[in-house]
Amino acid sequence: MLLLLFWSSASLGWLSVACVFLSYFFMSIMFPTIFALGIYGLGARAKKASSYIVMAIMAAPSCPNSWVTVADKFDMSRGFIVPMFCFAFVAFYGFNWPRFAKAESLNGVRAGAGH
C-alpha cells in the first residue's frame, strides 16, 4: 500500500493512475481486516476495543483537509503523501500489535506470520 501511494505521488503518468486505482481497491478490504485483527484474542476487552476501532473512523475527516492543503501548495499527486503517512502509522501499529495488546493469547504470535 505504501509503495502504491509513493508511486502515485511520483507523477509517473499512467503508472501513477493505476496505482491510485489499486490503492483504493486495497483500502476497500482494509477496515474488515483491521477490525478483525484488532479484537482478536482480547477476550472480555473485545467490546471496548471494537468501540474504539469504530470511533477511530471519526478521525478520518481530518485527513482530507491535510491532503487538500498539500495538494494546493504543490500538486494533487504530491497530496498522496498524506495518506501514505497515515498508512505507515497503521503498518507500524499492525507490526507492533502483539506487544501493544498485551493479551495472554498473543504469546508467541508473530506479526506477518500468516496462518
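**Contacts and overall fold**

Analyst: Among the contacts in the chain with a separation of 6 or more, 48% are between residues 24 or more positions apart. Contact here means heavy atoms within 4.5 Å.

User: And what should I keep in mind about the model?

Analyst: It's a predicted model, where local features need pLDDT of at least 70 and side-chain atom pairs count only at pLDDT 80 or more, while totals for chains, interfaces and linings use all residues. Residues are numbered from 1 along each chain as its sequence is written, and side-chain values use heavy atoms, with hydrogens and water left out.

User: How many helices and strands does the chain have?

Analyst: Eight helices and zero strands. Helices are DSSP runs of H or I with at least four residues, strands are runs of E with at least two, and the numbering goes from the N terminus.

User: What share of the residues is buried?

Analyst: 26% of the 115 residues count as buried. The cut-offs are under 20% relative accessible area for buried, over 50% for exposed and in between for partly exposed, with a 1.4 Å probe and protein chains only.

User: OK, H5. Which residues are buried there?

Analyst: Cys63, Trp67 and Ala71. Down the axis of H5 they fall within an arc of 65°, so they line one face of the helix. The arc is taken from the directions from the helix axis to the C-beta atoms.

User: What's exposed on the other side of H5?

Analyst: Asn65, Thr69, Asp72 and Lys73. As for the buried residues of H5, their cover includes helix H2 (14-28), helix H6 (76-79) and H7.

User: What about the span of H5, residues 62-73?

Analyst: The 12 residues should span 16 Å at 1.5 Å a residue, and the end C-alpha atoms are 17 Å apart, which agrees. The expected span is 1.5 Å times one less than the number of residues.

User: Switching to H1, which residues are buried?

Analyst: In helix H1 (residues 2-9) they're Leu4, Leu5, Ser8 and Ser9. Their arc, seen down the axis of H1, is 130°, so they line one face of the helix. H2, H6 and H7 are among what covers them.

User: What is serine 11 in contact with, leaving aside neighbours within four places in sequence?

Analyst: Ser16, Asp75, Ser77 and Arg78. Also, the C-alpha atoms of serine 11 and methionine 76 are separated by 9.4 Å, though the two are 65 residues apart along the chain.

User: Now the surface. Which residues form the nonpolar patch?

Analyst: Ile34, Phe89, Val90, Phe92, Tyr93 and Phe100, with about 560 Å² of accessible area together. Areas come from the Shrake-Rupley method with a 1.4 Å probe, and for residues only the protein chains shown count as cover. Patch residues have over 30% relative accessible area and no salt bridge; nonpolar side chains (Val, Leu, Ile, Met, Phe, Trp, Tyr) are joined within 5 Å, like charges within 9 Å. A salt bridge is a side-chain nitrogen of Lys or Arg within 4 Å of a carboxyl oxygen of Asp or Glu.

User: Which helix gives the most to the patch?

Analyst: Helix H7 (residues 81-95), with four residues. Ile34 is in helix H3 (residues 30-39), and counts as partly exposed at 35% relative accessibility.
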